[in-house]
Amino acid sequence: MSANPTLIAGGGPQMRKPLWWAALAVVIVTALVPALFIVAAGKNPLTAYVALLAYTLGSTNGFYEVLTHSIPLMLVGLGVAIAFRAGAFNIGGDGQFLMGAMAAFACAPLFAGLPQPLGLVLYLAAGFAGGAVLGALVGWLLVRFRASEIISTIVLNFIVLQLLSWVIRGPLQEPSRLMPWSDYLPETLLLPNLIPGSRVHYGLVVAIVAVAVLAVLVKKTAFGFRLTAVGRNPFAARYAGLREKRVVVWAMLISAGMAGLAGSVQVAGIHERLQDNFSSGYGQAAIAIALMARLSPLWVPPMALLFAVFYVGAGVLQREANIPFPIVYIIEGVVILGFLCFDAIAGKKEAS
Amino acid sequence: MADAPLLQLQGITKCYGSLLANDSVGFDLGRGEVLGILGENGAGKSTLMNVISGLIRPDGGTMQLEGRTVAFSSPREAAEAGIGMVHQHFKLVGALTVAENLALGDPRWGRRALLRFDELKSSISEIARRLGIEVDFEARVDRLTVGQQQRVEIMKVLSRRPRLLILDEPTAVLSQEERPALFRMVAELAAQGTSVIIISHKLEDILDSCRRVVVMRHGRVVSVSDVGGKSRDDLIRLLVGDDLPVLRPKGLPTEEGRCLLRAAGLSVRRPNGTVALHDVGFELRRGEILALCGVEGNGQSELVQVVTGLLKPDAGRLDYWFDEGGGYPDAAVLRRAGVCHIPEDRLRDGVLVDAPLTDNFLLTHLGNAQFNRQGWLQPAMVEAAVAEAVSAYAVKTPGSRAAMSQLSGGNQQKLVLARELASDPSLIVAAHPTRGLDVKTIAFINNQLLARRSAGAGVLLASADLAEVWQIADRIMVLSAGRLHGPLRVSDTTIQEVGRWMTQR
Amino acid sequence: MDLMIAGLAAAGIRLSISIAFAALGETVSQRAGVMNVGLEGIMLFSAFLAAAGAVYSGSPWGGVVLAILGGLLLAAVHGWVSIYLCANQIVSGLALVFLGAGLSGVGYRLTIGGAPVTIPSFPAVNFGPLREIPFIGPVFFSHTLLVYIAIALAIVLYLALPRTGWGLELRAAGENPHAADAAGINVNRYRLMAVLFGGAMAGLGGAFLVLAQVNAFVEGMVAGRGFIAIACVVFGGWNPLGVLIACMGFGLADALQIRLQTWYPGIPYQFFVMMPYGVALVALVIFASRSFGPAALGLPFRSLRARRSAS
């Protein structure tokens, strides 16, 4: 947005090591926010929280639900972390998620006949590609025209949303042409169940593999170094001949690809078909997750689990104390602000 | 000249953590006197001036202005008391006009509901006329030359009719020919009763304009004397102490060095429309140091950026020894081929400030198979290389895992030098490598460049310091308003002639 | 045909105002050097507050007041975090988006979300006979009060920024805060004031959406307008009148899109809904490569007095 060779003013979010006391303080503050609403509703926050934790972490059903939700959160969160690391604010995770799902679904007939693991892998690759194309577009617009990726990703979100709305009422609509959703995904392309008696599917394996791959990519390879350097100081990256523009486009491509992959995984593992706006705000939550993970791929899974606890827990809070689901968004906002505050205070302490 | 001093300082002390920037500094300044504060970079001059002008508060000591003890808590207070300071780095807003800059923050014209430009213009014109200067009120400041910007800055300070004017390194951005005009203005001001303090690390400035000089070293005042009373050598010895670092003998340049870079017809236009380079051509050969001189803003930065692959020229050819295609290879290609670049703005362009030294070292060595095997980083090798560099270049660092920000400026620059020279480059582009550093580090860096030159590398040295250039360069070329003069052998010309080139249109 | 164009123009103006308020506020904020990408969150929160305020007070002005307060509150958080804690402005703004969305959703479902409510809204200003003038009447003289306030605001800002003392100091704070600081200006106070103003205006934008445009509240009704507003600041070159024109361009595209849906029922309506966003994307690409914002935009400022300064 300001005149610098690649990107945003000020460089990407700081990647300082998390301080344990800062993390604890953020958790406490975050826990207080819903507590306020619970008290206002006339209920006891402690019983509500105990019920929340008992369900999400204490009961097998609850925990499996948490695991299920953590799958897309992990994948999109990884993607956001990669983009932010390069200084590109990819906040269009939701749109890229849906785009990937649509692309994979559209290509499904091609892969349905193939032997099982191969077809599924190709299906997922198509999902990645669907999101990646969007990401590459945004990245190109950013480096070639200095068009802010914040605005372009959000605008594309709304465009993709409309595209999905049309697709499930038009070309990909289910055979009876009555309902706003698509036909079912061919059986050979469904992600098998991982834990019997739950909704946890093999998407979890995909997510864990992705974490491993990206962690190695970021920490151990030259590409990862370039990514981080560009995010830290785009001027120095340029000076050093790191070809910062190319790095940014690749970062956006991978980032959006991960979101697209998440979308195709979600369809193949849970919904089994396309329907209206099923990204459930994962793209948004992924931003908070990536920031909490300090943009490090290895910290994304625990943070994704934490947010999955919030998601599932919100349902518990609704039952216990009538707290509406959007409380999760408030928590996301508070968490980010909390981290910003403690990060800034820690930074000031370091400088003095 | 009245006998009572205008300004008296006693025991001024200021600490920054463990750094004692000012150690019990004291002197007097008379009315209508021009006093010089002489000290090398890091001696404490700027800190002292910031104390006098109200920007910072001293930890100890007192200040009397016209006999009354004063302690300023803001520059505004100091300005109201009659002290005006013209900073080395101008405090002008580039996107605003001259008139707007002059009005900014001024209670008479700027801090009002409706800006009063007419009154401003008449008041400033009066001052400018008496000093023999022209002012273009409607011009955007970032379109002016640096010398013109300095005049705006000075006008802004003079408009408050200060009794004391402080000039911080005023000739740093002026050409040889513009200096006399500045000193004429200073003399006129003194004659009108305004006291002037000139801060500089250049002996010539002090000798040409001041009556008395205060010499500072390591935060302390080492001498207060009349300029006439001391010899040049005396002053130099006071300035740097007794252990003058010695430059290695230059030795004869390799006569028939292979041509490393041939530039022809380079032209560059800046985004704001002004011409940075016009039809620039030269050759750089092995085993020589080619100095590129010029007043800041005349195209030096742009030429450095073109040669290092960071800026594509609008026209012209670049033929490197490895690629005679005449095209414009980018920075990545150049580095792989053996071109290295010591950047002008180290903090912005050259380093990752918050990252560890190893990351900073690796930054420009990703093309080296030792550190990057098929895309896989070799951190152990990088650490070894950094350790070697740290010891070879005597870099003072708090530890092996230190971040770049924990090093002092001089040590950061030494590490940058170590990094750039570690790849054994054939072509070294060094942009103001010694700017702002202390004498020891300056000598170290210059010795390194000389050593590389003897080993057969070609060095393009962009510098504004003619004295330094004369000591180490073989040939010299000057950029003035985007046009190139030379290159010429240093032995075939004089500093005065080069100085004249720097102001030709 | 005339009637159609007049109707289109009038609708275009009406549909641009909510974005215009937010964009004008953001222009002031960015000219001072602070970016607030959280406008979407502020507008979401303020839209809900406007609805609730109007319902509970019985008058649309109650909604306006509450909406502005909400905007000030969220902007104050963003301002404190990004100006005084020097945190990354974009991340802080994003937090605001989430916060605003959450507060809006929770607030709505806990208060007026139960049963359908009628929200007292603004009537059109009565210009009497002026309204009857063919073409000009419906286009210019048939709007609610807030529309005229928005246009007046743009004009006032356009005149005030270059001519007033605070305009000069605000611009200096955004272009070169060190110079402004040296001139004795309290940079961070200006920035905070600018951010608060931006928040209040975004709040007004949210209020307009509910009380003068749609006359109802639906969750998520802001639909990206907060981000479009930021884009309009770029399109308008950080100049209040340019920004207003950019917003009107978007409003026109929006109005056109709605009409196109009924004129061409054969084409799936989703493509028309996409259209204004597509226009925004194209405009972004065209304008972003041409304009440069305030030089210090997005960079936090710490006064020299608090910093170490090496000699």
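Predicted model: local features only at pLDDT ≥ 70, side-chain atom pairs only at ≥ 80, totals over all residues.

Residues are numbered from 1 along each chain as its sequence is written, while chains are lettered from A and ligands numbered from 1 in the order in which they are written.

Confidence, then. The model scores ipTM 0.89 and pTM 0.87. There's also pLDDT, the predictor's confidence in each residue, from 0 to 100. Chain C averages 90 on that, and 97% of its residues score at least 70. Residues 306–311 of chain C stay under 50, though.

Now pick out helix α13 of chain B, residues 379–392. When I say helix I mean a DSSP run of H or I with at least four residues, a strand is a run of E with at least two, and both are numbered from the N terminus. α13(B) has 14 residues and reaches 20 Å from its first C-alpha to its last, close to the 20 Å expected. That expected span is 1.5 Å times one less than the number of residues.

Which residues of α13(B) are buried? They are B:V382, B:A385, B:V386 and B:V390. Buried means 20 or more other C-beta atoms within 10 Å of the residue's own, exposed means 12 or fewer, and partly exposed is in between, with C-beta atoms placed from the backbone. Those four cover an arc of only 135 degrees around the axis, so they sit on the same side of α13(B). The arc is taken over the directions from the helix axis to the C-beta atoms.

Next, where chains C and A meet. We call two residues in contact if their C-beta atoms, placed from the backbone, lie within 7 Å. By that rule, 47 residues of chain C are in contact with 45 residues of chain A. On chain C's side, the elements giving two or more residues are α3 (60–84), α4 (89–110), α10 (225–235) and α12 (269–288). The largest share, 15 residues, comes from α4(C).

Look at B:P343, in the loop between β16 (339–342) and α11 (346–350) of chain B. Buried or exposed? B:P343 is buried, with 25 other C-beta atoms within 10 Å. B:P433 is 90 residues away from B:P343 in sequence, but their C-alphas are 7.4 Å apart in space.

Staying in chain B, the peptide bond from B:G486 to B:P487 is cis, with omega near 10 degrees. B:P487 belongs to strand β22, residues 483–489.

Finally, A:R177 isn't a glycine, yet its phi is positive, about 60 degrees. You'll find A:R177 in the loop between α6 (149–167) and α7 (203–220) of chain A, and it's exposed, with 8 other C-beta atoms within 10 Å.
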